[in-house]
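Please have a look at the sequence and the model first.

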Amino acid sequence: MASTYLLPSSSNTISPSRISTLFPSLNITSISKSFLSFSHSSASPSCRTSLSFTRPVNPSHFTEQSRFVCRMCEYQFPDPIPEFAEAETAKFKEHMLARLTKKKEYFGDSVQEIVDICTEILNKFLHTHYGGPGTLLVIPFIDMADAITEKELPGAPQAARAAVVWAQNNIDKDWEKWNEED
């Protein structure tokens, strides 16, 4: 019968394979994410998760030095805001068109097509995944570079870099302004 041992939160990251190395007598049967966060620090009681093991776990077997703790996010990010996504996408498109037009040596006559690809991908991300600071991911920018490359257009790395730099400098700040209490 499987046992459950509750582990409090922390800030460092460790992979499940590392757990097996640290606790060789334990056979982990389920973990909710492929990478879990662990630390030696104590944590708030409101932030807990559990790991299931195939054999009983006695918490007294964990020494202070090896008492790793698992972090589960206690903050719930807000849902994406469609109006924000539309406004931010328009700003992004305007910026990318101006920026890429200046770099004809990389993009040639494909500027508009490249901007359209990048804009479509960012728009989809903002509508489906972006929920404020802390939720800006690298995945849409990788997708931009891949989509540009797949269409055999020039300057995929440069366009993706321009997009990610703009996003890092603007999206979270614009979200904060959008959601300010008046």
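Among contacts between residues at least 6 apart in sequence, 77% join residues at least 24 apart in the protein chain; a contact here means heavy atoms within 4.5 Å. Keep in mind that this is a predicted model, where local features need pLDDT of at least 70 and side-chain atom pairs count only at pLDDT 80 or more, while totals for chains, interfaces and linings use all residues. Residues are numbered from 1 along each chain as its sequence is written, and side-chain values use heavy atoms, with hydrogens and water left out.

The protein chain has 6 helices and 5 strands, taken as DSSP runs numbered from the N terminus (helices are H or I with at least four residues, strands are E with at least two). Along the sequence the order reads β-β-α-β-β-β-α-α-α-α-α. Of the 182 residues, 36% are buried (buried means under 20% relative accessible area, exposed over 50%, partly exposed in between, with a 1.4 Å probe and protein chains only). The accessible surface comes to about 11200 Å², and carbon and sulfur atoms account for 51% of that; the areas come from the Shrake-Rupley method with a 1.4 Å probe, and for residues only the protein chains shown count as cover.

Now to the rings. A pair of aromatic rings is described by the distance of the centres and the angle of the planes. Rings of Phe, Tyr and Trp (its six-membered ring) pair if their centres lie within 6.5 Å; planes under 30 degrees apart count as stacked, over 60 as edge-to-face and the rest as tilted. By this rule the count is 7 aromatic pairs. One of them is the stacked pair of Phe84 and Tyr130, at 6.0 Å centre to centre with 25° between the planes. This pair links distant parts of the chain, 46 residues apart: Phe84 is in helix H2 (residues 82-101), Tyr130 in the loop between helix H4 (111-128) and H5. Tyr130 also forms a tilted pair with Phe125, at 6.4 Å and 55°. Phe84 and Tyr130 are both buried, and Phe125 is buried too. Ring pairs join Phe84, Phe125, Tyr130, Trp175 and Trp178 into a cluster.

Which residues does Asp174 touch, not counting those up to four places away in sequence? They are Phe84, Glu88 and Lys91, so Asp174, which is buried at 11% relative accessible area, has a member of the ring cluster among its contacts. Asp174 itself is found in helix H6.

The whole structure holds 3 salt bridges, each a side-chain nitrogen of Lys or Arg within 4 Å of a carboxyl oxygen of Asp or Glu.

| Salt bridge | N to O distance |
|---|---|
| Glu88 and Lys91 | 4.0 Å |
| Asp174 and Lys91 | 3.4 Å |
| Asp116 and Lys93 | 3.5 Å |

Asp116 in helix H4 and Lys93 in helix H2 are 23 residues apart, and their pair links distant parts of the chain. Asp116 is partly exposed at 31% relative accessibility, and Lys93 is partly exposed at 33%.

Glu88, Lys91 and Asp174 are linked in a network of salt bridges. Glu88 and Lys91 both lie in helix H2, 3 residues apart, about one turn of the helix. Glu88 is buried at 1% relative accessibility, whereas Lys91 is partly exposed at 41%.

Finally, a backbone detail: Glu152 has a positive phi of about 55° although it is not a glycine. Glu152 sits in the loop between helix H5 (139-150) and helix H6 (156-178), and counts as exposed at 72% relative accessibility.
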